[in-house]
Amino acid sequence: MALRLYNTMSSQVEEFRTLRDKEVRMYACGPTVYDYGHIGNFRTFIAVDMLQRFLRQSGYTVRYVMNITDVDDKIIRNAVRDGISVQQYTAKYEKAFLEDAAMVGIERPTLVRATEHIDEMADFVASLVEKGLAYRTDDGSYYFRIAKFPQYGKLSKRDFSGMLDGARVDVDEYDKDSARDFALWKAPKPGEAFWESSIGPGRPGWHLECSVMSMQELGESFDLHAGGEDLIFPHHENEIAQSESLTGKMFARFWFHVRFLLVEGEKMSKSLGNFYTLRDLVLKGHRPSSIRYLLASVPYRNQFNFTFDGLKQAAVSVERLRNFRQRLSAGNFPPGSNPGMQTLAGETIDRIRVSLDDDLNTAQAQAAIFEMVRSANSALDLGQIKKDDAVPLLAGLEKFDEIFAVLKDDDLPKMRSTLDWARTEGREKEISPELMEIAGSARLSDEEVNRKLAEMEAARKARNFQLSDAIRAETLTAGIIVENTKDGVRWRRK
Ligand code: AMP
Ligand code: ZN
């Protein structure tokens, strides 16, 4: 069996094929770093993370690039409001995004920043102008002429044949029914950040960023482009128009879109009071592993309805998996093997693969592992597990965890970092008694402390003092006093 994946472009589930042998080149639209990421954003990022993990597990080499949108309308507006530079404004939220992504087990893609590719974007616009695909307006902005791309609408399946040539829109996100020439490059308005470039002063539009950076990193044609379903129009439609009209080649082969997350059946919004960032949930005392497990539990094309009951249930599920692993690893079993268990482990590994091959059916993969755990736990209770059964059963768990990434028991240090962050940000009021209890209840084990100190030492040697200081602060919060002696680093508990 091979992976079959839904392709928004063909509106069908297709066999996943790569343009180059055994290599996947994929791009996901990353966060706009103007605020903390919410659980909807992370539903999408976790889905793409699982996809790339599964592709690697399936034997592909994966080149996975994600952009950080660090210049856009909202960022510029907020930076102006706060009287700071765009860079100062975005640095904080980019750091927060990376911390949050690591918190929920997202493997780090190759990251590209819009502000580091301004020259290439200006050159791209110049090439479009040269080919008659874009034009300059009196104020020095540039627009893409969509009438020059008759296939406009092919991804979102909208018919724009009656569109008005020359009607323009200069905001990045706009009305779903309007086909308008969109801004590639925006001339500076008074007080706004801008860059000098070969096409004049200004800043790139959002759609342009992704076309330029994805093609630069992955080539003019690559395998898969991902994002949340809201990006289909206009963002991805515009990326296709710019890229394909310039190169004359297919831009991305597969279009992977994640359905939106709702909260308790409603659209998440600040005004409804049902808007949660990852940090909000941790401050309420929920574990990062439960959040990941829950967000991974619904296949990416189904609507996801977030509930607190679901989150509690996810915590129980993760606990059960971890306990099972512990039971198997620590058990002292009689020699020999139980053929039933060997078969169960093998079948479970197959079922996980078949489920994920089926358009990434994560719900079925989770069901498969739980059936294994249930049967094996009963066998454990009855003393029917033999020494040689532990390895295949653990292998089943590992295969599952290569994709779901919830078995590592590192929730506590992550939760303590969120606690520290809330304190430094003056958000103590949001720290729940549940979080206080969890964070204070367990201390770092000796092994964890030794590992932390080794990491700190390595960071110090690499002159990454920001990291070594952060680790020292983390160990201190956990009540560990670190001393540098002539015999090296020593530690003791407070
Ligand atoms: P943004 O930072 O707003 O550009 O969004 C980052 C990613 O999160 C994009 O791929 C969006 O499509 C996705 N996204 C935003 N809101 C949701 C939601 N409620 N559910 C799922 N994905 C979302
Ligand atoms: Zn994008």
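**Metal site, ligand and salt bridges**

Cys210 has 0% relative accessibility and therefore counts as buried, where buried means under 20% relative accessible area, exposed over 50% and partly exposed in between, with a 1.4 Å probe and protein chains only. His235, likewise at 0%, counts as buried.

Before going further, a note on conventions. This is a predicted model in which local features need pLDDT of at least 70 and side-chain atom pairs count only at pLDDT 80 or more, while totals for chains, interfaces and linings use all residues. Residues are numbered from 1 along each chain as its sequence is written, chains are lettered from A and ligands numbered from 1 in the order in which they are written, and side-chain values use heavy atoms, with hydrogens and water left out.

Which residues hold the zinc ion, ligand 2? Its protein donors are Cys29 (SG), Cys210 (SG) and His235 (NE2), at 2.0 to 2.2 Å; donors are N, O and S atoms within 2.8 Å of the metal (3.2 Å for Na, K and Ca), and water is not among the atoms, so sites may look incomplete. Their sequence spacing is C-x180-C-x24-H. Cys210 belongs to helix H5 (residues 206-218) and His235 to helix H6 (residues 232-247), 25 residues apart; helices (H or I, at least four residues) and strands (E, at least two) are DSSP runs, numbered from the N terminus.

I turn to ligand 1. Of the 15 residues around it, Gly40, Thr44, Gly228, Asp230 and Leu261 come nearest, a residue being near if one of its heavy atoms lies within 4 Å. A nitrogen atom of ligand 1 is 2.7 Å from an N or O atom in the Thr44 side chain, and an oxygen atom of ligand 1 lies 2.9 Å from a backbone N or O atom of Gly228. Helix H1 (39-57) gives the most to this shell, with 4 residues.

Finally, the structure holds 34 salt bridges, each a side-chain nitrogen of Lys or Arg within 4 Å of a carboxyl oxygen of Asp or Glu. Asp49 and Arg292 form one of them, at 2.9 Å, N to O. This pair links H1 with helix H8 (residues 288-295), across 243 residues, and both Asp49 and Arg292 are buried. Asp49, Arg53, Arg56, Glu107 and Arg292 are linked in a network of salt bridges.

Terms used: A polar contact is a pair of N or O atoms within 3.5 Å; within protein, one must be able to donate a hydrogen and the other to accept it, and residues adjacent in sequence count only if both atoms are side-chain atoms.
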